[in-house]
Amino acid sequence: MTAPAQGVIPSPNIWRHPDVYELENRAVDPDGVIETAMRSVRDWRSATVLDVGCGSGFHLPRFAADAARVIGVEPHPPLVELARRRTAGLAAVDVRAGTAQRLPVPDASVDVVHARWAYFFGPGCEPGLRELTRVLRRGGAAFVIDNDATRSTFGRWFLRAFPGYDAGEVERFWARQGWSRTPLLMRWACASRAEFEAVVRIEFAQSLADEILAEHPGSEVDYAVNLFWRTV
Ligand SMILES: C[S@@+](CC[C@H](N)C(=O)[O-])C[C@H]1O[C@@H](n2cnc3c(N)ncnc32)[C@H](O)[C@@H]1O
């Protein structure tokens, strides 16, 4: 793999294993906890939605079911291609190559921004936050979805993988930026144990994945996330 362009955060899970990441996306939040929480803040019916770091575009058709217009922005060229292919038949969807720090989107042109496990991981994402302020229209909202390492089985796995991760620092960062936090508890529910194992193996290094799979039976796990959001 060539070195990532400047300001692009390597995402080995989806970059190296887009097919397994697709299974992961299908397993995430079967109860719609995240979507329900987002809609209670700002619905996107007839709105313009921007998905920053859209990856292979998994969420774009979902937004397009209700939105007037959906723009996906993604820096990794093979994923831009996959997202374009996924949405080729959807006239309302447009996939653009770009980064959160330099969104290829005009000022005040977007109603709802969604960034899920992409770029906005706390301290350091200020350039992207400035861009969100630039592109959001009055009455709009921005949503960031990220792991909550303080709770849940998945949160404990995440802390084992990143023992230095400071969840408190991340939460304080968002509060300082004037964002709200809605803690959510959802689950991963894979279609089979084989899919669950494959997904765990793209998220964790081999030795930790072996430990997790030895101690955790079945094809599901409880997974806490934070929905950070701001309205303008
Ligand atoms: C873990 S993936 C999540 C993809 C997608 N949001 C999803 O939920 O399916 C993170 C994505 O962020 C993208 N990314 C990395 N650096 C970025 C940046 N500076 N601006 C926007 N996206 C970025 C990666 O290329 C990758 O597609």
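Arg45 counts as exposed, because its relative accessibility is 52%. Exposed means over 50% relative accessible area, buried means under 20%, and partly exposed lies in between (1.4 Å probe, protein chains only). The structure is a predicted model, in which local features need pLDDT of at least 70 and side-chain atom pairs count only at pLDDT 80 or more, while totals for chains, interfaces and linings use all residues. Residues are numbered from 1 along each chain as its sequence is written, and side-chain values use heavy atoms, with hydrogens and water left out.

Arg45 is placed in the loop between helix H3 and strand S1 (48–52). Helices (H or I, at least four residues) and strands (E, at least two) are DSSP runs, numbered from the N terminus. Arg45 and Ala100 are 55 residues apart in sequence. Their C-alpha atoms are 24 Å apart in space.

The ligand sits in the largest pocket. A pocket is an open set of points on a 1 Å grid over the protein atoms alone, where a 1.4 Å probe fits, with protein on both sides within 12 Å along at least five of seven lines. A molecule sits in a pocket if more than half of its atoms lie within 2 Å of its grid points.

Helix H1 also contains Asn13. Asn13 counts as buried, because its relative accessibility is 16%. Its side chain makes a polar contact with the side chain of Glu203, at 3.0 Å. A polar contact is a pair of N or O atoms within 3.5 Å; within protein, one must be able to donate a hydrogen and the other to accept it, and residues adjacent in sequence count only if both atoms are side-chain atoms.

The backbone angle phi was then considered. Most residues other than glycine have a negative phi. Asp29 has a positive phi of about 55° although it is not a glycine. Asp29 is found in the loop between H2 and helix H3 (33–41). At 9% relative accessibility, Asp29 is buried. Ala108 is not a glycine either, and has a positive phi of about 45°. Ala108 belongs to the loop between S3 and S4. Its relative accessible area is 43%, so Ala108 is partly exposed.

Ser109 is in the loop between strand S3 (93–97) and S4. Ser109 has a relative accessible area of 15% and is therefore buried. The side chain of Ser109 reaches the backbone oxygen of Pro106 at 2.7 Å.

Two phenylalanines were also located. Phe120 is found in the loop between strand S4 (110–116) and helix H6 (126–135). It is buried, at 1% relative accessibility. Phe120 and Phe228 are 108 residues apart in sequence, with their C-alpha atoms 9.9 Å apart in space. Phe173 is found in helix H8 (residues 167–176). It is buried, because its relative accessible area is 1%. Phe173 and Ala214 are 41 residues apart in sequence, and 36 Å separates their C-alpha atoms.

Helix H8 also holds Gly168. Gly168 is partly exposed, with a relative accessible area of 25%. The C-alpha atoms of Gly168 and Leu90 are separated by 41 Å, and the two residues are 78 residues apart along the chain.

Note on methods. On a 1 Å grid over the protein atoms alone, a cavity is a set of points where a 1.4 Å probe fits but cannot get out, and a pocket is an open set with protein on both sides within 12 Å along at least five of seven lines; lining residues have an atom within 4 Å of a point.
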